Each structure stands twice: as C-alpha cells, then as structure tokens.
Amino acid sequence: MNIAPPSSPARHAGAVLAIIVASYLMIVVDISIVITGLPRIQDSLGFTAAQLSWVTNAYTLTFGGLLLLGARAGDILGRRRMFILGLSLFTMASVAIGCAPSVTWLLTARAIQGAGAAVLAPSTLALLSTHFAEGPQRTRALSLYAAAAGVGATLGLVLGGFFADLVSWRAGFFINLPIGVCLIIAARRHIDETQKQPGKFDMGGAISSTMGMTALVYSLVRAADAGWGDALVQTALIGAVLMIVAFVFIERNVSHPILPLRLLISRERTGAYIARMLFLGGAVGFWFFSTQFLQGVLHLRPIQAGLAFLPVTLPNFASAMAVPKLGRRFGNEALLIVGLVLGVIGLSWLGQADADSTYWAGVALPMVLIGLGQGLLLAPLTAAGVSGVAQKDAGAASGLVNVAHQLGGALGLALLVLVFASAAPAGTQDVASLAHRISVVMDMAALLLVLALLVSWFFIVVPHRNRQAQQQKALS
C-alpha cells in the first residue's frame, strides 16, 4: 500500500532540514577524521603507501557504486525507511572500524560503511528536494547542506587530530554511535514516509557499475606500485571497460534502470555531473595529500595538522552561507565560475610549496582561496545537478549527484596516487622528495579544476545565457 506524502510539509520542514544537515555532517566528519588519522592508522596497522589510499577508496567505491541502487531503493521502498536503514548500517560499520585489528578488517568495515552511506545520502538529498520548493527556499536549504561540509570538515579534522594525538585514532569512529542513534530516533519522529514508486531493482546495473569503477580504480592504484606493464593492471583495465560497457547496455534495455538515461539529456545536468567529478578529483587529492605535507614535511602533530586546516574550512563555511544572497545578486553560474577560478589559483599556489616553505606563506594563504572557492561552488553545482528533474526522478537525480561526487573523488585520488608515485625516483624517502611529490600532485589537482571550469562554462553557463536570451526575445 502506498504511503501518502506528508500532509503538512511546512510543519516538519525545519526539523527535516536539521536532520538532513546533521546526517550529512556525520558523513563529512567521518571522512575528515580519517584524513588527519591516516599517518597513525598506517603506523598502527602496517599499511603501505599505496594501500593507504584504500582507506578512502574502499569507502568511496562502495558509496559511489551503490548510490544509484540506494536512490532507487528510496523511490520503491520509501525514503524515510532507507534513510534509517542507511544510518543504522553506517553507524554499526563505524563501530567495527574503531575495533579493527588488521588491514583487511578495517578495509572491509570501510566498504560496509560506504554501503550505508550509499543508502543514506540519496535519501537525504531527495528528502530535501521534496520538502523545499525549487527557488529561494531550496537554495537556502542547499546552502545549509553545503555549509555542513565546511563545518564537518573543520570539526572532523580537529577531532581526528585530537583523538589520534591524545587518545587513539579509533576513538574518532566511536563517536558516530551516539550521533547515529539520536538521528534515527529523530527521523522516526519528524520525517513522514514518502510515497512509494512502483518498480524493480536493477541489480545488473548496480553490480556492473560497482565492478567497473572498482576495477578502474584498482588498476590506477596498482599501477603506482607495479607499473602499467603489470598483468593485473592490464586485466583490471580491460575488465573495467567491459563492465562499464555492460552497464550502459543494461541501462538502455532494462525496464527500471538505476540510472534513467533521460537524466543525461539535459546538457546542464550532464555538465554538472562531469564538473563535479573533476572538481572532487582535485579536492580529495588536496585533502589527502595536504595532511601528509603538514605532518611529513612541516612535522606538525596530528592535532596541529587538524587546526592547520582552519584557513580552508572556515572560509568554506563563510562563503557557503553567503551563497543565497550572492546567488540572488550575481546568479549561481557566476558563483560556480568564481569558485573554480579561486580553487585553481589556490591549488597552483600550493603546488609551489617545498621542503623550505613556511606554513603561513606556503600553505595557509592558498588554503584560504581554496576554501572560499569550494564554499561558493558546491551549492550551485548541486542545484544544476537536480535542476528541472521530475518528482519521480528526484531520487535517481540525487543519487547521480552523489555518484559523481564519490566516484570523482575515488578516481581522482587513484590518479593522483599514481602521479605521486611517478613524481620522484623509486626508493627516495627524504623530506625534500616527499615535498616535491606533493607539489606535483597539487599541480595536477589544479589541472583537474581547470577542466571542471571549462566544462562548467560550456555546459552550464553558456546554455543558461542562451536560455535567458531566448526568454527575453520571446517577451520583447
């Protein structure tokens, strides 16, 4: 039996927004706690340099690979139900990570945690889309949603450094237990179940997409250690291509696809997905390798490294909160372009840092530009990704936004790990070599943002201007 939509969404809108933002905050805090804890995790469990990237990739691959299935499940089974299921799985996996005695245990638990996030994330954005009408109301909600990234990153980095330095890196994962339980209780009380959509689960699409992306990332990460001539690298690349081709074939022919290809008809939405992948490829590399620069080159303690990210996270929050006002005055498209330009400048500047650089001149100042840029662009990029989507496709479109986010991060990090490994002769372990490798990585991250800038201009800004010109011509 179908469950009717909320009878009075306005009555619940504030509580729903708070729950959605808090759940996203928990995900972001968890990601950033991992970042400042990476050196201690590596020492504690014996990760190699290449294996260490899988602490992030094990999570992002299951997250990104299962997101579309999670979004479809929300449409069919109800978004509140899947929101609570995702929260429960994410919370339990967090506890398992905190208890991890080995590399295999931790990576398995991270993958399960990513699966929980894949169920949770599309439900949050879909609930936001259905509770807040397109326009100023949704822009404000999306701005708060994006601002949670800045708050969560700051909180997670500081908490991660604090726990890793003074308690244990494991403690950072245990804090998700009380937060998750409170959010589950609040969701059951304040969020009404959404109307269910008839349909079936596209397991073939979910499996082929997840296997394809996993094989592609694995080939890039393994190539960093074994080289492109390695048989496993070549086999994984071939498998990735075959699985991605199979995914497209399945989506074209299945009756209820997890990725309705009609979502890609819109030039603006397609551009938003591609630009998001490119941006996240550079942004995740920035976070992952900056913590290694701070601790490995500048020799900061974990808690100091967490605080050292404040020049990026605080401006991020401030600019994200200013997006509604700035968007009304200048337009979302202008904010997107300015944000990407600031990111390119900041990463290029950070790429000039070396073993003799100081924190304030070589790291903190470019971080300010990166933070301002990220805060400006995420909400407009998210709005472009769900613009003009029919109600029945809200879950799939929200899932696709998150897929671009997570897979862009996974693929970008895998690429940058390969760049890191190739930037200096094998076996060089001194501080100057580490600084040089990270400098090259930052230059490559800046290049990814340049590509995101070009895609945004030609796929989002130009079509928007053409549409405005046609509307004005029709009115005149």
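**Group meeting: pockets, cavities and a few residues**

Okay, let's start with A246, which sits in helix 9, residues 231–253. When I say helix here, I mean a DSSP run of H or I with at least four residues, numbered from the N terminus. A246 counts as partly exposed because its relative accessibility is 24%. For those labels, buried is under 20% relative accessible area, exposed is over 50%, and partly exposed is in between, with a 1.4 Å probe and protein chains only. A246 and S208 are 38 residues apart in sequence, yet their C-alpha atoms are 6.6 Å apart in space.

Before going on, some housekeeping. This is a predicted model, where local features need pLDDT of at least 70, side-chain atom pairs count only at pLDDT 80 or more, and totals for chains, interfaces and linings use all residues. Residues are numbered from 1 along each chain as its sequence is written, and side-chain values use heavy atoms, with hydrogens and water left out.

So how confident is the predictor? pLDDT is its confidence in each residue, from 0 to 100. The protein chain has a mean pLDDT of 86, and 96% of its residues reach 70 or more. Confidence is lowest in helix 5, at a mean of 77, and highest in helix 13, residues 332–350, at 97. Over residues 1–11 the pLDDT is below 50, and that stretch has 14 contacts in the model beyond near neighbours in sequence. Contact means heavy atoms within 4.5 Å.

Now the empty space. Rolling a probe the size of a water molecule over the atoms shows where empty space is left. We use a 1 Å grid over the protein atoms alone: a cavity is a set of points where a 1.4 Å probe fits but cannot get out, while a pocket is an open set with protein on both sides within 12 Å along at least five of seven lines, and lining residues have an atom within 4 Å of a point. Grid points are joined across faces, edges and corners, and a volume is the space filled by probe spheres set on the points.

The largest pocket holds about 730 Å³ of space. Its lining has 29 residues, and A49, Q292, F420, Q429 and L434 lie nearest the centre. The elements giving two or more residues to that lining are helix 1 (9–45), helix 2 (49–77), helix 8 (203–226), helix 10 (267–296), helix 15 (394–422) and helix 16 (431–475). Which helix gives the largest share of the lining of the largest pocket? That's helix 10, with five residues. By class, the pocket lining has 17 nonpolar, nine polar and three charged residues. Nonpolar means Ala, Val, Leu, Ile, Met, Phe, Trp, Tyr, Cys and Pro; charged means Asp, Glu, Lys and Arg; the others, Gly among them, are polar.

On to the cavities: there are five of 30 Å³ or more. The largest cavity has a volume of about 630 Å³. It is lined by 37 residues, with V28, I31, L280, V284 and H405 nearest its centre. Elements that give two or more residues to this lining include helix 4, helix 5 (136–166) and helix 14 (359–385). The lining of the largest cavity divides into 25 nonpolar, ten polar and two charged residues.

The second largest cavity comes in at about 70 Å³. Among its lining residues are S290, F293, A435 and M442. Helix 16 gives the most to the lining of this second largest cavity, four residues. That lining has eight nonpolar residues, two polar and no charged.

Back to helix 4, residues 103–131. Helix 4 is largely enclosed by the rest of the structure, because 22 of its 29 residues are buried.

T91 is in helix 3, residues 79–98, and counts as buried because its relative accessibility is 4%. Leaving aside neighbours within four places in sequence, T91 is in contact with M26, N176, L177 and G180.

F201 is in the loop between helix 7 (176–190) and helix 8. F201 is partly exposed, at 38% relative accessible area. Not counting residues up to four places away in sequence, F201 touches L69, R72, A73, I76 and L77.

Last one, H299, in the loop between helix 10 and helix 11 (302–308). Most residues other than glycine have a negative phi. H299 is not a glycine, but has a positive phi of about 60°. H299 counts as exposed, at 54% relative accessibility.

Terms used: pLDDT = per-residue confidence, 0-100.
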